Amino acid sequence: MNTEKKYSKISGQVIFSNIVLVLTILISPVLIALLTRVLSIADFGVYSLLTSFVALMSLLLILGLSKYIIARLPGKQRTEQATKFYAIVIFNAVIVAVLLLVAYFSPFKPWFLGITNLQAYSAEFGICLFVIFAMAMGKLFFEYYSAKERLNFANTMDFLVNKGWMFILVAIFLIFRSFTLSQVFIVWLVGVVLPVLIYSLCSL
């Protein structure tokens, strides 16, 4: 019976993961269509460049800790799991925050904006740094809940971290029929921070 329950649970998780994957695939073209309709060609190019920058940096700044979470935390007592995980989160949060502050206040910022010809988009670049921080934290929480075998919850929250903000943007468009590039990045930040906060509350 235990074996049957185990395989039933695994099957359910696989089905749910595939549903999330399909939703992700379906939503992305809708977002692209919406952005290309509302934003100018130049602004859409800036959006594409900065989202690529965010994706790359949020992966690099995890510092390999996600693999440590998957390899080391399973099998430990619940209290010990939580203690070790939050030690990892605090360590990573401090490192990432310091690196992003350096990126913003050091010569890196004018160099990056200059080499990408984005001098007029300093505010959007700053918002992207906050998005990078939130996405890095979200990735750690995803791995933590995956290590705890709460895959459906982890996949749901990961979907919200990566794609949930698009629903907010669509709602804004339906109400106001327009939005700016800055508003896109602000909505993205809000859409990433909210799931991370939910992650944090559920792990207490």
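A residue is called buried when its relative accessible area is under 20%, exposed when it is over 50%, and partly exposed in between (1.4 Å probe, protein chains only). The structure shown is a predicted model, in which local features need pLDDT of at least 70, side-chain atom pairs count only at pLDDT 80 or more, and totals for chains, interfaces and linings use all residues. Residues are numbered from 1 along each chain as its sequence is written, and side-chain values use heavy atoms, with hydrogens and water left out.

Figure 1. Helices (H or I, at least four residues) and strands (E, at least two) are DSSP runs, numbered from the N terminus. Along the principal axes, the C-alpha atoms fill a box of roughly 60 × 40 × 25 Å. Of the 204 residues, 40% count as buried. Contact means heavy atoms within 4.5 Å. Among contacts with a separation of 6 or more, 78% join residues 24 or more positions apart.

**Figure 2. Helix 6 is largely enclosed by the rest of the structure, because 21 of its 26 residues are buried.** The expected span of a helix is 1.5 Å times one less than its number of residues. For helix 6 this gives 38 Å, which agrees with the 38 Å between its end C-alpha atoms. Glu149, which follows helix 6, has a positive phi, near 65°.

**Figure 3. Within helix 6, Glu143 forms a salt bridge with Lys139.** A salt bridge is a side-chain nitrogen of Lys or Arg within 4 Å of a carboxyl oxygen of Asp or Glu. Side chains of opposite charge can pair when their charged atoms come close. In this pair the closest N and O atoms are 3.1 Å apart. The two residues are separated by 4 residues, about one turn of the helix. Glu143 is buried, with a relative accessible area of 8%, whereas Lys139 is partly exposed at 25%. The count by this rule comes to 1 salt bridge.

**Figure 4. The largest nonpolar core has 61 residues.** Such a core is a set of buried Ala, Val, Leu, Ile, Met, Phe, Trp, Tyr and Cys residues joined through side-chain atoms within 4.5 Å. Leu35, Tyr47, Trp165 and Leu169 have the most contacts inside this core. The elements that give two or more residues to it include helix 1 (2–38), helix 2 (41–60) and helix 7 (151–176). Helix 6 supplies the largest share, 16 residues. Leaving aside neighbours within four places in sequence, Leu35 is in contact with Phe44, Tyr47, Leu169, Phe179 and Val184.

**Figure 5. Ala93 lies in helix 4.** Ala93 counts as buried, at 18% relative accessibility. Apart from neighbours within four places in sequence, its contacts are Phe133 and Met137. Leu61 is 32 residues away from Ala93 in sequence, and their C-alpha atoms are 9.5 Å apart in space.

**Figure 6. A nonpolar surface patch of about 450 Å² is made by Ile168, Ile186, Val190, Val193, Leu194 and Leu197.** Patches are made of residues with over 30% relative accessible area and no salt bridge; like charges are joined within 9 Å, and nonpolar side chains (Val, Leu, Ile, Met, Phe, Trp, Tyr) within 5 Å. Accessible areas come from the Shrake-Rupley method with a 1.4 Å probe, and for residues only the protein chains shown count as cover. Helix 8 (residues 181–202) gives the most to this patch, with 5 residues. Leu194 belongs to helix 8 and is partly exposed, at 45% relative accessibility.
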